[in-house]
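Reader: I am new to this structure and would like to learn how to read it. Please take me through a few of the features.

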Amino acid sequence: MWAKLKTIFHKVRFFRSLRIRLLCIIMLVGIAPCVLVCSGIMQSYESRAVRLRTNAVQTQLKILANHLITYNYLQDNSSEVIGAELAMLSNLYDGRVLIIGGNFKVVKDTYDISQGKTIISEEVIRSFGGESLSNYDKVHGYIEMTIPITETVKVMTESGEAEESVVRGVMLTSISTDSIISTMDSLNQRALILEALTIVVIISIAIVLSDILTRPFARVTQAINTVKAGYSNEKISVPDYLETEHIVDAFNQLLGRMKMLDDSRQEFVANVSHELKTPLASMKVLADSLLTQLDAPVEMYREFMEDITMEIDRENQIITDLLALVRMDKKVSDLNISTVNMNDLTELVLKRLRPIARKKNVEVIFESIRPVTAEVDEVKMTLIISNLVENAIKYNKEHGSVKVVLDADHQMFSLEVSDTGIGIPEDSLEHIYERFYRVDKSHSKEVGGTGLGLAITRSAVLMHRGSITVKSLEDEGSTFIVKIPLNYIGTVKAV
Ligand code: ADP
């Protein structure tokens, strides 16, 4: 039942508003007690009025019962004094009095209807046993009372003379409660007016309060909209509630991150343009110098054309790397995950790179601690291994070595690529994953790097929810350690 009500509340857009909910709660808390108190007061008034009326009539009836015995009314109902008393009583309380004698015969009925008839009811019988009874019939609007008419007689007992009450008859009375009901009606009317007034006041308070209480949230939306519309880029502040402060803090952090992304995008575009323009500028210089020298020898043409081809290769390499990087920025769901034998894959990549290493007289060693199979994207994994090993060869010294170690525990596998190369200066370590960052820009032409390799590698590692760390000492060498979960975890976008 509660769950059903909850889903209805969630489905109806109106009830999903915090303001409407607050309005309902304030109204409920204000109106319900007011209505309850009013109806409680009315009920207690009614029961008190009925009790007082019953007590008053019962007292009168008891006095009358004594008179009945004194005037011997049960045997002879001709007494005018009693007749007058009875008439007065029934007039006063707008009721009917029946006097029933010892044989259940009605001696007197103030309505003159049941005189001489026999009345045997449960109440009458109980009153003959000495009980005084009263019963309030709310529906028909009367109180019915039965009281015994008792006579005190002297009796002889073993211990001497004693007094005893003997029930001679019963007085059955019903009195109207019309006066109580009419008083209640007028009270009810006043209570209703009061209730209506209170409800109007509470609704007004609820509307104003719910508006005031939800205003900070409207301010948050307004502030966010100002930023969204582009009118401002400043941090927003709505410190009214802790809750709004939390929302605003989260939004400001998001804004900061967006600004950072925007800055890095701008920097990236500037870097790309610069990197792509550099080979073009070289080619232009080479071509121009050939064009200006009208009788340039063939050897010079050949030499310059070789240089131009090199620049074209470089431009090509930059574009290939850029495309690889852009592909990495796509969704993680674009990963093509399969179960890959990492030992075989590493062997394959190293086999491809060994000829390049040989040219530089660098030895490549592979140490496989245990067989490793993992759920990875094979193409991206190849990229990770070849980028790291290529760098280890590129930035090595003559007759140096590169060592690749593959190991695993029960959760992750690790790929360690260490070299005996030139190492990375300490202050460059935190920048090497940045796009287009190169430690030694002046030699990059000879070594042939684009500065994108490690950025691509890091993206590929993060896509697998892994980590990449580096330890390096200048002139001694560097060690890159990649750790990747054996089982693919997925779903989070690569950074
Ligand atoms: P590049 O294409 O220039 O190699 P990377 O992104 O792969 O670009 O590397 C960034 C820079 O980090 C390189 O220019 C180089 O200076 C440095 N670097 C990377 N790997 C090594 C290594 N194994 N030893 C020394 N320096 C390295």
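Author: Start with Ile-205, which belongs to helix 5 (residues 178–228). Keep in mind throughout that this is a predicted model.

Reader: Which residues make the nonpolar surface patch?

Author: The patch is made by Val-201, Ile-205, Leu-209 and Leu-213, and its area is about 300 Å².

Reader: Which residues gather in a patch of negative charge?

Author: Asp and Glu count as negative. On the surface, Asp-263, Glu-267, Glu-426, Asp-427, Glu-430, Glu-434, Glu-474, Asp-475 and Glu-476 gather in such a patch. One of them, Glu-434, sits in the loop between strand 10 (412–419) and helix 10 (444–447). Glu-434 counts as partly exposed because its relative accessibility is 38%.

Reader: How many salt bridges does a search of the whole structure find?

Author: A salt bridge needs a side-chain nitrogen of Lys or Arg within 4 Å of a carboxyl oxygen of Asp or Glu. The search finds 15 of them.

Reader: Where do Arg-126 and Glu-122 lie?

Author: Both are in helix 4 (residues 122–128), 4 residues apart, about one turn of the helix. Arg-126 is partly exposed at 36% relative accessibility, whereas Glu-122 is exposed at 54%.

Reader: What separates Arg-265 and Asp-262?

Author: About one helical turn, because they are 3 residues apart in helix 6 (residues 242–292). Arg-265 is partly exposed at 49% relative accessibility, and Asp-262 is partly exposed at 32%.

Reader: Which residue forms a salt bridge with Arg-370?

Author: Asp-407 does, with the closest N and O atoms 2.8 Å apart. Arg-370 is in the loop between strand 7 (363–368) and strand 8 (373–377), and Asp-407 is in strand 9 (residues 401–408), so the pair ties together parts that are 37 residues apart in sequence.

Reader: Which residues are linked in a network of salt bridges?

Author: Arg-19, Asp-211 and Arg-215 are linked in this way.

Reader: How many residues has helix 7?

Author: Helix 7 (residues 298–328) has 31 residues. From first C-alpha to last, helix 7 reaches 45 Å, close to the 45 Å expected at 1.5 Å a residue. Its buried residues include Met-300, Phe-304, Glu-311 and Arg-314.

Key: Residues are numbered from 1 along each chain as its sequence is written. This is a predicted model: local features need pLDDT of at least 70, side-chain atom pairs count only at pLDDT 80 or more; totals for chains, interfaces and linings use all residues. Side-chain values use heavy atoms; hydrogens and water are left out. Patches are made of residues with over 30% relative accessible area and no salt bridge: like charges are joined within 9 Å, nonpolar side chains (Val, Leu, Ile, Met, Phe, Trp, Tyr) within 5 Å. Accessible areas come from the Shrake-Rupley method with a 1.4 Å probe; for residues, only the protein chains shown count as cover. The place of a charge is taken as NZ of Lys, CZ of Arg, CG of Asp or CD of Glu. Helices (H or I, at least four residues) and strands (E, at least two) are DSSP runs, numbered from the N terminus. Buried means under 20% relative accessible area, exposed over 50%, partly exposed in between (1.4 Å probe, protein chains only). The expected span of a helix is 1.5 Å times one less than its number of residues.
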